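Morning, everyone. Let's take a quick look at how the pieces of this model pack together.

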Amino acid sequence: MAEVKPYENSDLGKKAQVEQMFDNISGNYDFLNHTLSMNIDKAWRKKTVKEIRQINPSTILDVATGTGDLAIALAKGTEAKEIIGLDLSQGMLDVGIGKIAKLQLDQRINMVKGDSEGLPFEDNHFDAITVAFGVRNFENLEQGLSEILRVLKPGGKVGILEFSQPEKTPYKQGYNFYFKNILPVLGKLISKDNSAYTYLPNSVGAFPYGEKFVSILNKVGFSKGKCQELTFGIASLYTATK
């Protein structure tokens with residue numbers, strides 16, 4: 001997997017650049033995320049919650065939680081008593097904390113600043129772990145997945161939602177045109193960050209989606225890895241167990 005960074009002229013490593021980028025766009029992130037995806041992302045999160053709900057988890061970790069959309073959906077869609085949302089970006093977490101308080105879910109959801117490649121939790125701690133649109137931002141993909149495996153309980157389930165690439169005509173052509181020409185322009189206008197929404201299609205293009213990602217899950221030690229294509233292959237939901 002080729003390393004793609006948000007700011008190619010920066011001397012910072014990918015991890016620090018990703019943190020900086022999300023701090024920069026945090027104020028407009030939710031609006032952009034839902035608008036640019038035409039709200040399809042909400043349906044993808046519901047699908048993820050449905051998969052996680054099958055094991056009736058009591059403790060859930062949402063890695064790269066951003067502003068907490070998936071953590072909130074998990075609180076609404078499961079009976080979990082403890083949900084922790086972890087993210088590198090304090091700016092994104094601050095937005096999420098406000099949303100969670102407004103929804104009166106702060107007794108069940110705790111937002112924590114932390115690094116996905118060095119999770120601050122004990123081994124075998126969580127019943128389920130989720131990641132939505134975050135694994136492609138890992139500086140070291142296998143290290144991040146190994147950390148998720150470490151803190152997941154034996155028999156626990158992981159649900160990873162990530163962008164992929166449609167391979168069938170005409171979805172492939174339409175997707176590529178939108179992702180490479182329209183999305184970066186709109187993202188730049190609204191977020192005022194010249195690089196964030198150019199980084200998005202570039203990072204998706206470099207990500208080993210589909211069966212390649214399932215193979216990586218198997219390599220680091222997960223079992224029963226599965227990939228479900230969503231919306232003609234625009235995104236994929238990966239599930240696996242420990």
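**Helices first, then the sheet**

H3 passes H4 in a right-handed crossing: the near helix is turned clockwise from the far one by less than a right angle. Helices here are DSSP runs of H or I, at least four residues, and strands are runs of E, at least two, numbered from the N terminus.

A word on the source. This is a predicted model: local features need pLDDT of at least 70, side-chain atom pairs count only at pLDDT 80 or more, and totals for chains, interfaces and linings use all residues. Residues are numbered from 1 along each chain as its sequence is written, and side-chain values use heavy atoms, without hydrogens and water.

Back to the pair. The axes of H3 (residues 40–53) and H4 (residues 69–77) come within 10 Å and cross at roughly 50 degrees. Axes are lines fitted to C-alpha atoms, for helices over the stretch in contact, and angles run from 0 to 180 degrees between N-to-C directions.

Which residues of H3 meet H4? Arg45, Thr48, Val49, Ile52 and Arg53 do, against Asp69, Leu70, Ala73, Leu74 and Gly77. Contact means heavy atoms within 4.5 Å.

Now the sheet. It is open, with seven strands in the order S3-S2-S1-S4-S5-S7-S6 and mixed pairing. Strands pair if DSSP finds at least two bridges between them. S3 (109–113) and S6 (223–230) are the edge strands, each pairing on one side only. From one strand to the next, the twist averages 15 degrees.

S6 and S7 (residues 235–241) run antiparallel, joined by six bridges. Serine 223 has threonine 241 in S7 as its bridge partner.
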